[in-house]
Amino acid sequence: MVESTPTSLRSPGIVLGVGLGGFADGILLHQLLQWHHMLTSTNHDRIGVRYYDPHTVSGLRMNTVWDGVFHTVCWIAVLTGLAILYSRVTAGRRQVWTSRVLWGWILVGWGVFNLVEGVLDHQILGIHHVRGGPHQVWWDIGFLVLGALLVAGGRFLARGGRPAGPVAGGTGRTA
């Protein structure tokens, strides 16, 4: 048996973190707080997407469809992360799920999600913002700062963790 290393948990942790971070964003900001949907700022976007006013039934329907597409991508990321993790961990799965290494990499993935989504959707494409209005730039900056803190905190947590559970160097079999 080979001990799991931070490297063997890096990919599944990051992919899981991206999916879980996307779900946190979609559930909290899109659905519960209703601060934005995927296309709520397309009247000011930089790529020419038609505007779907979320305050009309037809606009909310289209935004809800694109929120569903977004959640589908998050779901696929979580399933992919679980599949990678399952293929790498052959025994001691309970130890892996409680390891600081895995949870550190999951936080890194969540932070990567925030940084990529914050730069791409909020800044470059401009299709939506964390919270539209006169202070939207500060909400967007806060989202990016949170992403950077998640990456830094996750790296710190993963680095401080010890390898847990037997893993076969990415082959899915014990050595």
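Colleague: Among contacts in the protein between residues at least 6 apart in sequence, what percentage join residues at least 24 apart?

Modeller: In this predicted model, the share of such contacts that join residues at least 24 apart is 78%.

Colleague: Which elements does the chain contain, from the N terminus on?

Modeller: The order is β-α-α-α-α-α-β, with five helices and two strands in the protein.

Colleague: Why is helix 4 called roughly antiparallel to helix 5?

Modeller: The axes of helix 4 (residues 100-124) and helix 5 (residues 136-160) cross at roughly 160°. Angles over 145 degrees count as roughly antiparallel, and therefore helix 4 is roughly antiparallel to helix 5. The two axes come within 7 Å, and the crossing of helix 4 with helix 5 is left-handed.

Colleague: What makes up the contact of helix 4 with helix 5?

Modeller: Its residues comprise 18 nonpolar, nine polar and four charged.

Colleague: Why is histidine 128 called buried?

Modeller: Histidine 128 has a relative accessible area of 0%. Buried means under 20%, so histidine 128 is buried. This residue lies in the loop between helix 4 and helix 5. Of the 175 residues of the protein, 40% count as buried.

Colleague: What makes the pairing of histidine 128 and histidine 36 a polar contact?

Modeller: Their side chains are joined at 3.4 Å, and the limit for the N or O atoms of a polar contact is within 3.5 Å. The side chain of histidine 128 also makes a polar contact with that of glutamate 117, at 2.7 Å.

How values were computed:
Residues numbered from 1 in each chain as written. Predicted model: local features only at pLDDT ≥ 70, side-chain atom pairs only at ≥ 80, totals over all residues. Heavy atoms only, no water. Axes fitted to C-alpha atoms, helices over the stretch in contact; angles between N-to-C directions. Helix = DSSP H or I, 4+ residues; strand = E, 2+ residues; numbered from the N terminus. Parallel < 35°, antiparallel > 145°, perpendicular 65-115°, else oblique. Left-handed = near helix turned anticlockwise from the far one by under 90°. Nonpolar A, V, L, I, M, F, W, Y, C, P; charged D, E, K, R; others polar. Buried < 20%, exposed > 50% of the residue type's maximum accessible area, 1.4 Å probe, protein only. Polar contact = N/O pair within 3.5 Å; in protein donor to acceptor, adjacent residues only side chain to side chain. Contact = heavy atoms within 4.5 Å.
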